[in-house]
Amino acid sequence: MSSPGEFYNSLPPVSKAYGTLCLLTTAAYHLGLLNPLYIALHFPLVFSHFQVWRLITNFFFLGKFSINFGIRLLMIARYGVQLENGPFDKRTADFLWMMIFGAFSLLVLSAIQWFSSPFLGVPMVFMLLYVWSREFPNAQVNIYGLVTLKAFYLPWAMLALDVLFGASPLPDLMGIIAGHLYYFLTVLHPLAGGRNILKTPMWLHRLVAHWATGRQQAYTYSSPGARPTSAAPAPAPGPGVAFRGRSYRLNQ
C-alpha cells in the first residue's frame, strides 16, 4: 500500500493542482487567513474596479470543511484523475483546455441572473463528473451503498440527491450544461461529420511542454480547422469510429 505522499505524487498534474488549490483555499478560510468575499465572483467589481482575479479565484472555494466539501474533493480525486489518466492520457494540454473552456462557460452562465453565483467551484467539479460519465458511460457506480447504476446516469442522480437534501440544483445544473457543451463540441459534433471548433490551441501545447507538465502526444494538423490527430498510422476502417482511444459505433 502506498503512503499518502506517494499517492499524492502519483496524481496527474492538472487534477492535483486544482484539488490542492481548493483544499488550501478552504484551509486558509478556516485559519482566518482568507475572507471568501475577496475571491468571490462579483462582476461589478471585476469591471469597475478591475479586480480581474475574481474571474479565477472563485473556482477554488468549495465551501467550508464539511461532508459536502469532502465529497467534492473526492470527486476531483476520482473523476478528474480518471479522466486525466484515461481519455486524456498524454494529453495534459487538452485536459487543461477542457477546464479553461468549462470555466469560461460557467462564467457566461453566471452572468445570467438566474444562474448567478459568487463561487463556481462546485459547478466546475460537476462538469468534470459529467464529462467522466460520458467517457465511461457503462461503468457501474454505487451511491452511498444504496443503489448501483451506470455512470451515464450519475450526474442526474447526484443532482436529485442534492435536491432531496435541500440544496440548490443550480450549481449541479450549471456543471451539466458546461460539460455537455464541451462534450458535444469535441466528441458528438465531430463524430457526426462536423468540425472540431474547440481544438486545443498550439500556444497551450507549447506552454505545457515548456513547463514539462504531464505527457504530451505528438499532433499533426492536416488542414486549418482540422481535429488534431496522432502522428501514428490510422487504424483500418471498421464499422465504427475511433476517437480519443475509444470506439464509437455509428448508426447505418
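Predicted model: local features only at pLDDT ≥ 70, side-chain atom pairs only at ≥ 80, totals over all residues.
Residues are numbered from 1 along each chain as its sequence is written, and side-chain values use heavy atoms, with hydrogens and water left out.

**The whole chain**
- The chain has ten helices and six strands; these are DSSP runs numbered from the N terminus, with helices being H or I of at least four residues and strands E of at least two.
- Of its 252 residues, 42% count as buried.
- Take the contacts (heavy atoms within 4.5 Å) between residues at least 6 apart in sequence: 63% of them join residues at least 24 apart.

**Two loop residues**
- Lys 90 sits in the loop between α5 and α6, and its phi is near 65 degrees, a positive value in a residue other than glycine.
- Phe 50 is in the loop between α3 (43–48) and α4 (54–57).
- Phi of Phe 50 is also positive, near 55 degrees, and again this is not a glycine.
- With 64% relative accessibility, Phe 50 counts as exposed.

- Helix α5 (residues 67–85) has 19 residues, so at 1.5 Å a residue it should span 27 Å, and its end C-alpha atoms agree at 26 Å apart; the expected span is 1.5 Å times one less than the number of residues.
- Buried residues in α5 include Phe 69, Arg 72, Met 75, Tyr 79 and Glu 84.
- Those buried residues of α5 pack against α2 (13–30), α6 (92–110), α7, β1 (140–143), α8 and α9.
- As for cover, 15 of the 15 residues of α7 are buried.

**How α8 meets α9**
- The axes of α8 (residues 154–164) and α9 (residues 170–191) come within 9 Å and cross at roughly 165 degrees; axes are lines fitted to C-alpha atoms over the stretch in contact, with angles from 0 to 180 degrees between N-to-C directions.
- That makes α8 roughly antiparallel to α9 (an angle over 145 degrees).
- On the α8 side, the contact is made by Pro 155, Trp 156, Met 158, Leu 159 and Asp 162, and on the α9 side by Asp 172, Leu 173 and Ile 176.

Conventions: Buried < 20%, exposed > 50% of the residue type's maximum accessible area, 1.4 Å probe, protein only. Parallel < 35°, antiparallel > 145°, perpendicular 65-115°, else oblique.
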